[in-house]
Amino acid sequence: MRPLFFPALFCLAALIPAVRAQENADAALVGELMAFQGSKAIVSAMTTHCYETTGLNSAYKTANDNWYLRNIGFLDLADRVINKLGGASPGQIEAAETYGGTQIMSAFNQAEDKDAFCRSFLERVDSGALDIDKQLSGILKRAQDIAAQ
């Protein structure tokens, strides 16, 4: 006579790889959603830097504020989905922000004409080209689908 718990253990053991795969997929999506914070850091860092290097041109502050207002819903959505998926690891948001800020400052430092770089950046922010729904539309769609479940 076989104990009844063996079939249950077999079923549980069969589920473990699927659970791990889902956890890995969730962790990967959380990492991708961190790009939303990276985008925020890029816009914030460069608009602040250009504001300071162009003689305190208030258009950069206004562009940053408007970008934030257009994208706050997407940032909140990312936070909700990240929490639904189990949350971010400590320091993950800070790492995304640092990476985004570092990348844009590196591009700025490599630009031959800093003033032209800032003007071009301002145009891209003002036009909405750097908005999350344009830059990260695939990740945004996945986040919206998860939030709707």
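I take contact to mean heavy atoms within 4.5 Å. Helices are DSSP runs (H or I, at least four residues), numbered from the N terminus.

The model is predicted, so I kept to its limits: local features need pLDDT of at least 70, side-chain atom pairs count only at pLDDT 80 or more, and totals for chains, interfaces and linings use all residues. Residues are numbered from 1 along each chain as its sequence is written, and side-chain values use heavy atoms, with hydrogens and water left out.

**Entry 1: α2 and α6**

I looked up where α2 meets α6. Phe-74, Leu-77, Val-81 and Lys-84 of α2 touch Leu-140, Ala-143, Gln-144, Ile-146 and Ala-147 of α6. I sorted these residues into seven nonpolar, one polar and one charged (nonpolar: Ala, Val, Leu, Ile, Met, Phe, Trp, Tyr, Cys and Pro; charged: Asp, Glu, Lys and Arg; polar: the others, Gly among them). Helix α2 covers residues 58-84 and helix α6 residues 137-148; their axes lie 9 Å apart at an angle of about 60 degrees. Axes here are lines fitted to C-alpha atoms, for helices over the stretch in contact, and angles run from 0 to 180 degrees between N-to-C directions. The pair is therefore oblique (under 35 degrees is roughly parallel, over 145 roughly antiparallel, 65 to 115 roughly perpendicular, the rest oblique). I noted the crossing of α2 and α6 as left-handed, that is, the near helix is turned anticlockwise from the far one by less than a right angle.

**Entry 2: α2 and α4**

Next I checked α2 against α4. Their angle is about 30 degrees and their axes are 9 Å apart, so α2 and α4 are roughly parallel. Their crossing is left-handed. From α2 the contact takes Ala-59, Tyr-60, Ala-63, Trp-67 and Arg-70, and from α4 Cys-118, Arg-119, Leu-122, Val-125 and Asp-126. I find seven nonpolar, no polar and three charged residues in this contact.

**Entry 3: α3 and α4**

Helix α3 (residues 92-110) packs on α4 at about 135 degrees, with the axes 8 Å apart. These two helices are therefore oblique. On the α3 side I list Ile-104, Ala-107, Phe-108, Asn-109 and Gln-110, and on the α4 side Lys-114, Phe-117, Cys-118 and Phe-121.

**Entry 4: the largest pocket**

I then turned to the largest pocket, which holds about 180 Å³ of space. A pocket is an open set of points on a 1 Å grid over the protein atoms alone, where a 1.4 Å probe fits, with protein on both sides within 12 Å along at least five of seven lines; lining residues have an atom within 4 Å of a point. Among the lining residues are Ile-104, Phe-121 and Arg-124. Helix α1 gives the largest share, five residues.

Conventions
Grid points are joined across faces, edges and corners, and a volume is the space filled by probe spheres set on the points.
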